[in-house]
Amino acid sequence: MNTPGGPLPLPVVLAGARGHGRWHLRNIRRLQDKGLVRLAGICEPNPLTPAELTEAFGDFEDFGGRPPEQSADFGSLLDSTAAAIAVICTPIPTHTDLALVAAARGVHLLLEKPPAPSYAEFRRMADGVAAAGVACQIGFQSLGSHALPAIREMIAAGVLGTVTGIGAAGAWARDEAYYRRAAWAGKRRLNGVDVIDGALTNPLAHAVVTALALHGATRAEDVAAIETELLRANDIESDDTSCVRVTTPRGRVAVAATLCAERPGEPYVLVHGSGGRITFWYKLDRVLVQRSGHGPEEIEYGRTDLLENLVAHLTDGDELLVPPDSTGAFMKVVEAIRRAPDPVALPAEAWETVAAGNRRIVRGIDGLVAAAADTLALYSELGASWAPPNEVSAG
């Protein structure tokens, strides 16, 4: 079958195959088994060993025993493999340049989140991709959940009455090794270049983007003001315990996050209404509807994979689920965090080290994160003595 990207299966090059890239290798294998794509190349500074390839991707004997071409030169690899799609899962500061290298060759893109470390870099990427006329999907997998359109339909039908705001909560744990896994991990800048690898901009970025999507505030122009409170318990540059509140013409969105949870749990988004609320555990595609005069209703939904959606866009004209401009509001949050003062170090009495997991926890943070999502309040407004006054930036 011929498509705008060429005949199926479409040749794919993966840039960044270690770390989270291993998930992409497994997903590409899944789609290769369906005849949609073919792993044509891997771009890594150090090539994957045969053992690494087999562990992450499977047995290449299934495909004529032909392992993918490997190279540290992304552009040359795209040329030699005649790639139709590039999946970019590399350090945050490299996203824009690599995306533009691919776009200049007419190669379509799945670009991992966050798409860029600053709004200026985001616009350079998005504008360049648009000018090149290639399709670009941003890797916010939660936005492929079928729960999102279902919740929007409930809101439009008045199931919750009037929506009064949206909160989100993420209480996760990350150990010392997480911040030592790469030179850019936990950094705001590296060698003078923006990184902005904080709790809200990277590991729990899905909480932010999903809350904004359910609010109907996805584009940069939807943002009127942003308030941030950035803190850290770990010995890093970036924030590991943070909250943000976004004001839009439609109301407010508040997201609280920590990587120092006492008891880590599933992150979620809360839609508050005058007649009830909806809880959406976005990693599980699970929804709980609670409303006046009805018993609680729990529903599980499916999910559309974003690479598969990109292929469907190229083959059948399906609408892209996460084009760059639909992440503009999220990138305004990234920019507000980038421009905010450096995160405040929490006082020693506010946290402790858990030896078993070699990680730091912030006392009482689980309750604060939940309360922020429940009330749309910031940590300082909830009485956290260690929280600085919030930083406000215009949209």
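The model is predicted, so local features need pLDDT of at least 70, side-chain atom pairs count only at pLDDT 80 or more, and totals for chains, interfaces and linings use all residues. Residues are numbered from 1 along each chain as its sequence is written, and side-chain values use heavy atoms, with hydrogens and water left out.

Start with strand β3. Helices (H or I, at least four residues) and strands (E, at least two) are DSSP runs, numbered from the N terminus. In β3, 6 of the 6 residues are buried, so the strand is largely enclosed by the rest of the structure. Buried means under 20% relative accessible area, exposed over 50%, and partly exposed in between (1.4 Å probe, protein chains only). In a regular strand, side chains alternate between the two faces of the sheet. L10, V12 and L14 point one way from β3, while P11, V13 and A15 point the other way.

Which strands pair with β3? Strand β4 runs parallel to β3, joined by 6 bridges. Strand β6 is also parallel to β3, with 4 bridges. Two strands pair if DSSP finds at least two bridges between them. L14 has a bridge partner on each: I42 in β4 and V87 in β6.

Now follow the chain into helix α1. This helix covers residues 21-33 and has 13 residues. From first C-alpha to last it reaches 18 Å, close to the 18 Å expected at 1.5 Å a residue. The expected span is 1.5 Å times one less than the number of residues. Among the buried residues of α1 are H24, L25, I28 and L31. Their cover includes β3, β4, α2 (50-57) and α8 (306-316). Just after α1, G35 takes a positive phi of about 80°. Together, β3, α1 and β4 make a right-handed β-α-β unit. Right-handed means that, with the strands pointing away from the viewer, the path from the first strand over the helix to the second runs clockwise.

Next, look at L77 in helix α3 (residues 74-81). L77 is buried, with a relative accessible area of 1%. Leaving aside neighbours within four places in sequence, L77 is in contact (heavy atoms within 4.5 Å) with V13, G41, I42, C43, E69 and S71.

The elements giving two or more residues to the lining are α1 and α4 (95-104).
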